[in-house]
Amino acid sequence: MTPLYLGQNSALPASPEAAILDYVPNPRPGSPYLVRFTQPEFTSLCPVTGQPDFAHLVIDYVPDATIVESKSLKLFLGAFRNHQAFHEDCTVGIGARLFREMAPIWLRIGGYWYPRGGMPIDVFWQSGAPPVNVWLPDQGVASYRGRG
């Protein structure tokens, strides 16, 4: 499993579907732990107006045999900049793809979307019941009050 992007100049993929996520062996197999990625400047496009939408994403997972390589994840998330989809589709699609390809023990994603039209939309997805033997901190993103 040689990562495709490490040490390379890498352009953003043309679309989330075209993005290739790299997975590398878990350096601590058999030792339950939580990995958190936070993307406070996630962007996509509204499928109706084409205007930009912004979100603060928090991805938590408990790895099994592999972990996602962070540069490939950054490129995958960046590929949404020109992707038109509803908040629900982006948030759940990211979580489901990571869960399907990486096959972690457990995964959750919180999509905290900034308001357009006066209404924030928060979208949450998880793969199942959280494991009991892993510390699961709060995602740390307050309910909307002028997020920041």
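**View 1. Ala103, a partly exposed loop residue in a predicted model.** Ala103 has a relative accessible area of 43%, so it counts as partly exposed (buried is under 20%, exposed over 50%, partly exposed in between; 1.4 Å probe, protein chains only). Ala103 sits in the loop between α2 and β5, and its phi is near 55°, a positive value in a residue other than glycine. Helices (H or I, at least four residues) and strands (E, at least two) are DSSP runs, numbered from the N terminus. This is a predicted model: local features need pLDDT of at least 70, side-chain atom pairs count only at pLDDT 80 or more, and totals for chains, interfaces and linings use all residues. Residues are numbered from 1 along each chain as its sequence is written, and side-chain values use heavy atoms, with hydrogens and water left out.

View 2. Rings of Phe, Tyr and Trp (its six-membered ring) pair if their centres lie within 6.5 Å; planes under 30 degrees apart are stacked, over 60 edge-to-face, the rest tilted. Phe42 belongs to strand β2 and Phe80 to the loop between α1 (70–78) and α2, 38 residues apart. Both are buried, and together with Phe76 and Trp113 they form one aromatic cluster.

**View 3. Phe99 against Trp125.** With ring centres 6.3 Å apart and planes at 70°, this pair is edge-to-face. Phe99 comes from helix α2 and Trp125 from strand β6, 26 residues apart. Phe99 is partly exposed at 29% relative accessible area, and Trp125 is partly exposed at 22%.
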